[in-house]
Amino acid sequence: ALRAKAMGFTGKFAIHPRQVGPTRECFTPSDSQIASARLIVEAAARGQGQVCVVDGRMVDEPVVQSARRILARAGV
C-alpha cells in the first residue's frame, strides 16, 4: 500500500479482511495533510484564482486541486 501511495495511487484492493484496516489507514490523509489542504483551499478562495503563497510555498491551480482531493478523501 505504501508503494502504491508513493506512486500516486489513492487506493488499493485488499484480498483479505485483515488488509482493509491497514490499507485504509495508509490512504487516509493525516491530520497535518488535512490542515495544510484547508489552508491552501482557503488561501486560494481569498486569492480568487490568483497564484498565492502558503507557508512559503507557491500555490497555483494544480496545488489547489491536489488539496481539494485530500479534503475529499478525508471526507471534509
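**Reading the fold**

Guide: Let's start with contacts, meaning heavy atoms within 4.5 Å. Among those in the protein chain that link residues at least 6 apart in sequence, 43% join residues at least 24 apart. Before going on, note that this is a predicted model, where local features need pLDDT of at least 70 and side-chain atom pairs count only at pLDDT 80 or more, while totals for chains, interfaces and linings use all residues. Residues are numbered from 1 along each chain as its sequence is written, and side-chain values use heavy atoms, with hydrogens and water left out.

Visitor: Which elements does the protein chain have, and in what order do they run?

Guide: Helices (H or I, at least four residues) and strands (E, at least two) are DSSP runs, numbered from the N terminus. Here there are four helices and two strands, and the order from the N terminus is α-α-α-β-β-α. The radius of gyration is 15 Å, well over the 11 Å that the globule rule gives for 76 residues, so the protein chain is more spread out than a compact globule. That radius is taken over C-alpha atoms, and the rule is 2.2 Å times the number of residues to the power 0.38. Along the principal axes, the C-alpha atoms fill a box of roughly 45 × 20 × 20 Å.

Visitor: How many of the residues count as buried?

Guide: Buried means under 20% relative accessible area, exposed means over 50%, and partly exposed is in between (1.4 Å probe, protein chains only). Of the 76 residues of the protein chain, 24% are buried by that cut-off.

**The core and its helices**

Visitor: Which residues should I look at in the largest nonpolar core?

Guide: In soluble globular proteins, nonpolar side chains tend to be buried together. A nonpolar core is a set of buried Ala, Val, Leu, Ile, Met, Phe, Trp, Tyr and Cys residues joined through side-chain atoms within 4.5 Å. The largest one here has 13 residues, and Ala37, Ile40, Cys52, Val54, Val59 and Val64 touch the most other members. Helix 3 (31-47), strand 1 (52-54) and helix 4 (61-74) each give two or more residues to this core. Take Ile40: leaving aside neighbours within four places in sequence, it contacts Val54, Arg57, Val59, Val63, Val64 and Ala67.

Visitor: What do the buried residues of helix 3 pack against?

Guide: Ile34, Ala37, Ile40, Ala43 and Ala44 are the ones buried in helix 3, and they pack against strand 1, strand 2 and helix 4.

Visitor: Where do the buried residues of helix 4 sit around its axis?

Guide: An α-helix has 3.6 residues a turn, so residues three or four places apart point the same way. In helix 4, Val63, Val64, Ala67, Ile70 and Leu71 are buried. Viewed down the axis, they fall within an arc of 115 degrees (taken from the directions from the helix axis to the C-beta atoms), so they line one face of helix 4. Pro62 and Ala72 are exposed on the face turned away from that buried side. The cover over the buried residues includes helix 3 and strand 2 (57-59). Gly75 follows helix 4, and its phi is positive, near 75 degrees.

**The other end of the sequence**

Visitor: Which residues are buried in helix 2?

Guide: Thr23, Cys26 and Phe27 are. They cover an arc of only 80 degrees around the axis, which puts them on the same side of helix 2. On the other side, Pro17, Arg18, Pro22, Arg24 and Glu25 are exposed. Helix 1 and helix 4 are among what covers the buried residues of helix 2.

Visitor: What does Lys12 touch?

Guide: Lys12 is in the loop between helix 1 (2-6) and helix 2 (17-27). Not counting residues up to four places away in sequence, Lys12 touches Ala1, Ala4, Thr23 and Phe27. From Lys12 to Arg46, 34 residues along the chain, the C-alpha atoms are separated by 35 Å.
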